[in-house]
Amino acid sequence: MTDILMPKATAVWLVDNTSLTFDQIADFCGLHPLEVKGIADGEVARDIRGADPIANGQLSRDELDKAEKNDKYRMVAQKSRHAELLKPVKKAPRYTPVSRRQDRPDAIAWFLRNHPEVPDSQVARLLGTTKATIDQVRNRTHWNSANIKPVDPVTLGLSTQLELDAVVRKAADKKAKEDARKGIVEPEGPTLRPASETGALDADADEDLHDDAAPAYEDEAEHADD
């Protein structure tokens, strides 16, 4: 079955404008019958505006007529040129000019040194490289390891500052959530005892020292009198 553009919006329109059963609408839109029932009851997709599948070329009038006359009939969607144009276009892999390709290991080394929390997959996507190359730089098995120096990708022209900031921020947020889940908390403030505390303890220690020493002085005084 052809994928329907805006399935819930299409279901809303079919519920409001046809006599189709919930099962027929669910089958055509790729939804569960209970979702369609929820739409009819006003519990699901309440704020979604209906999309006419006939107007956008996803359903023919003949198919709809057949389905309305026979509740066992399942409508077949047709390919809509209009719908194809509205589908999101998958972003092509980042292309790095040949003149810049020797710079990628330097950028990888920069990530490994300064932001090890960024996943290899994100580094590979940002720099237009592969996980294998990242492993080679990490393990120093890259053919040019002796000449690799950490340089940030913005300086090398491999990414914009906004792209770099977004990747680093996303990785930092993820790490913070994982640390919180594991109960890892960064120490806040000094871990040493305050001076007032240590001063009080030192004063007590001095008193004890003098108390212990006093009898010794008294003994010495008695021997002196003898």
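Visitor: Is the crossing of α1 and α2 left-handed or right-handed?
Guide: Helices here are DSSP runs of H or I with at least four residues, and strands are runs of E with at least two, numbered from the N terminus. A crossing is left-handed if the near helix is turned anticlockwise from the far one by less than a right angle, and right-handed if clockwise. By that convention, the crossing of α1 and α2 is right-handed.

Visitor: What pLDDT do local features need in this predicted model?
Guide: Residues are numbered from 1 along each chain as its sequence is written, and side-chain values rest on heavy atoms, with hydrogens and water left out. The model is predicted: totals for chains, interfaces and linings use all residues, side-chain atom pairs count only at pLDDT 80 or more, and local features need a pLDDT of at least 70.

Visitor: How is α1 oriented to α2?
Guide: Axes are lines fitted to C-alpha atoms, for helices over the stretch in contact, and angles between N-to-C directions run from 0 to 180 degrees. The axes of α1 and α2 lie 10 Å apart, and the packing angle is about 150°. Angles under 35 degrees count as roughly parallel, over 145 as roughly antiparallel, 65 to 115 as roughly perpendicular and the rest as oblique; therefore α1 and α2 are roughly antiparallel.

Visitor: How is α1 oriented to α3?
Guide: This pair also crosses in a right-handed sense. The two helices pack at an angle of about 60°, with their axes 10 Å apart. α1 is therefore, relative to α3, oblique.

Visitor: Which residues in α3 meet α1?
Guide: The buried residues of α1 (residues 7-17) are A9, T10, A11, V12, W13 and L14, where buried means under 20% relative accessible area, exposed over 50% and partly exposed in between (1.4 Å probe, protein chains only). These buried residues pack against α2 (22-29) and α3 (33-41), a contact being heavy atoms within 4.5 Å. On the α2 side, P7, T10, A11, L14 and V15 meet I25, F28 and C29. On the α3 side, K8, A11, V12 and V15 meet E35, V36, I39 and A40.

Visitor: What is the angle between the planes of W110 and F111?
Guide: Rings of Phe, Tyr and Trp (its six-membered ring) pair if their centres lie within 6.5 Å; planes under 30 degrees apart count as stacked, over 60 as edge-to-face and the rest as tilted. The count comes to one aromatic pair. W110 and F111 form this edge-to-face pair, 5.3 Å centre to centre and with planes at 85°.

Visitor: What relative accessible area does R140 have?
Guide: R140 lies in the loop between α8 (131-138) and α9 (153-156), and its phi is positive, about 55°, although it is not a glycine. R140 is exposed because its relative accessible area is 59%.
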